[in-house]
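Good morning. I will take a few minutes to walk through one structure, and then stop.

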Amino acid sequence: MTVELVLQAGGATDVGKRRTNNEDTVLVRSDLGLYLVADGAGGHNAGDVASALCARSMANYFGATIRTTHESGEFNRFGIANGARRLSAAVLKANRDILEISRSSQLHRGMGTTVVAACFSPRSGLMHVAHVGDSRCYRLRAGHLELLTNDHSLLTDVMEQRPELDDQVLAKLPKNVVTRALGMDTELRVSIRSHAVVEGDRYLLCSDGLSGPVSAPEIATALSRDASPDEIVERLLTLANDAGGPDNIAALVLQCQGGHTHAMPVGDVPPPPAALFGEPGDFDSERADPELLILGIEDLDISKGTDGASDGLLEALGDLLGQRS
């Protein structure tokens with residue numbers, strides 16, 4: 001059943017007070033149901049080109065897949081939302097386009113961008129959010145501000161893999177290093193989640209030029225204002241500049257009117273067909289698959305001690321801390 005929900009959107013960028021070039025891009029395409037913020041990689045060549053190309057590539061992908069989207073169901077047979085898959089595919093397409101330009105033009109070599117994007121599925125009332133890098137998505141619901149994304153940053157990776165590191169070591173880590181971005185490599189992992197939209201929700205997509213200098217309470221207060229999305233965006237840009245405007249600033253606000261009166265479980269979909277698991281009579285106790293498979297564990301060499309996937313990170317940390325000591 002289609003959810004009767006109206007989205008109002010407003011977005012803008014600002015160069016800030018310390019940059020001479022604006023490398024942030026905001027895209028508002030209500031006709032496609034696509035909204036995004038892209039932050040061109042600071043210090044790299046043509047970051048503004050990368051962020052603009054990301055927005056254009058994703059919009060083109062959404063435009064080219066409108067028909068197939070309407071013809072397909074809201075969920076595939078595995079219970080995965082097709083809207084989320086579409087958004088992730090659009091980000092990956094943008095990554096390929098940025099890499100192609102970067103590798104074919106010396107002028108644009110090394111360019112990259114982060115991105116946070118959202119799209120709404122009216123048939124399920126879900127908001128799909130995809131991100132790469134440290135551009136963020138916040139949600140204000142019933143006065144409570146929630147961060148819906150998790151930065152792909154050096155500090156996050158360290159906390160996931162080496163939480164026991166001393167605070168003195170953590171303090172030496174640069175705060176502006178992202179570990180994922182479009183334009184870095186052909187292999188890109190896109191983080192994506194789906195959220196049930198409730199009437200009155202407000203979503204904020206922003207670059208780190210806003211989330212860095214402006215505190216969460218200030219963001220919550222701005223989003224709580226009785227104002228239009230454009231007015232809220234203007235207020236947020238002002239807050240970032242009042243805090244010194246250390247970077248380019250991008251903000252996009254989505255106001256949700258109508259829709260569900262309370263959140264519904266995102267996974268509330270029919271179970272996959274029994275054919276995927278075989279018929280009950282096909283069960284063979286001697287050849288039964290294990291209840292849980294851990295990818296790659298059969299290749300793990302215990303004799304090598306505790307060394308594992310974090311080795312590369314530790315080496316990079318050692319080099320980095322050595323350079324900064």
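**A walk through the model**

Met-111 is buried, with a relative accessible area of 0%. That value, like the others in this talk, is computed from a predicted model. Met-111 sits in the loop that joins helix 3, residues 82-104, to strand 4, residues 113-121. Along the chain, Met-111 and Asp-48 are 63 residues apart, and their C-alpha atoms are separated by 8.6 Å.

Now the chain as a whole. The protein chain has nine helices and 10 strands. There are 325 residues in the chain, and 44% of them count as buried. If we take the contacts with a separation of 6 or more, 72% of them are between residues 24 or more positions apart. The accessible surface of the chain is about 17800 Å², and carbon and sulfur atoms hold 51% of that surface.

Next, two pairs of helices. Two packed helices are described by the angle between their axes and by the distance between the axes.

The pair to start with is helix 1 and helix 3. Helix 1 covers residues 47-64, and its axis comes within 8 Å of the axis of helix 3, with a crossing at roughly 135 degrees. Angles over 145 degrees count as roughly antiparallel, and 65 to 115 as roughly perpendicular. Helix 1 and helix 3 are therefore oblique to each other. Their crossing is right-handed. Which residues make the contact? On the helix 1 side they are Ala-50, Leu-53, Cys-54, Ser-57, Met-58, Tyr-61 and Phe-62. On the helix 3 side they are Arg-86, Leu-87, Ala-89, Ala-90, Val-91, Lys-93, Ala-94, Asp-97, Ile-98 and Ile-101. By type, the residues of this contact comprise 13 nonpolar, one polar and three charged.

The other pair is helix 7, residues 216-223, and helix 8, residues 229-242. Their axes come within 9 Å and cross at roughly 155 degrees. Helix 7 and helix 8 are therefore roughly antiparallel to each other. Helix 7 passes helix 8 in a crossing that is right-handed. From helix 7, the residues Glu-218, Ile-219, Ala-222 and Leu-223 take part, and they meet Ile-232, Arg-235, Leu-236 and Leu-239 of helix 8. In the contact of helix 7 with helix 8, six residues are nonpolar, none are polar and two are charged.

Ser-121 lies in strand 4. Is Ser-121 buried or exposed? Ser-121 is buried, and its relative accessible area is 6%. Setting aside residues up to four places away in sequence, Ser-121 touches Glu-74, Gly-83, Leu-126 and His-128. The C-alpha atoms of Ser-121 and Ala-84 are separated by 9.1 Å, and these two residues are 37 residues apart along the chain.

Phe-75 is in the loop between helix 2, residues 66-71, and helix 3. With a relative accessible area of 25%, Phe-75 is partly exposed. Phe-75 and Ser-124 are 49 residues apart in sequence, and C-alpha to C-alpha they are 9.3 Å apart in space.

Ala-12 belongs to strand 1, residues 5-14. Its relative accessibility is 25%, so Ala-12 counts as partly exposed. Where does Ala-12 make contact, leaving aside neighbours within four places in sequence? The residues in contact with Ala-12 are Val-26, Val-233, Leu-237, Ile-249, Ala-250 and Ala-251. Ala-12 and Val-253 are 241 residues apart in sequence, and 9.4 Å apart in space from C-alpha to C-alpha.

Ser-211 lies in helix 6, residues 208-211. At 12% relative accessibility, Ser-211 counts as buried. Not counting residues up to four places away in sequence, Ser-211 touches Arg-136, Tyr-138 and Cys-206.

One more residue, for its backbone. Most residues other than glycine have a negative phi. Ala-142 is not a glycine, yet it has a positive phi of about 50 degrees. Where is Ala-142 found? Ala-142 is in the loop between strand 6, residues 136-141, and strand 7, residues 144-147. Ala-142 counts as exposed, at 74% relative accessibility.

That is the end of the walk. I will take questions now.

How values were computed:
Residues are numbered from 1 along each chain as its sequence is written. This is a predicted model: local features need pLDDT of at least 70, side-chain atom pairs count only at pLDDT 80 or more; totals for chains, interfaces and linings use all residues. Side-chain values use heavy atoms; hydrogens and water are left out. Axes are lines fitted to C-alpha atoms, for helices over the stretch in contact, and angles run from 0 to 180 degrees between N-to-C directions. Helices (H or I, at least four residues) and strands (E, at least two) are DSSP runs, numbered from the N terminus. Angles under 35 degrees count as roughly parallel, over 145 as roughly antiparallel, 65 to 115 as roughly perpendicular and the rest as oblique. A crossing is left-handed if the near helix is turned anticlockwise from the far one by less than a right angle, and right-handed if clockwise. Contact means heavy atoms within 4.5 Å. Ala, Val, Leu, Ile, Met, Phe, Trp, Tyr, Cys and Pro count as nonpolar, Asp, Glu, Lys and Arg as charged, and the others, Gly among them, as polar. Buried means under 20% relative accessible area, exposed over 50%, partly exposed in between (1.4 Å probe, protein chains only). Accessible areas come from the Shrake-Rupley method with a 1.4 Å probe; for residues, only the protein chains shown count as cover.
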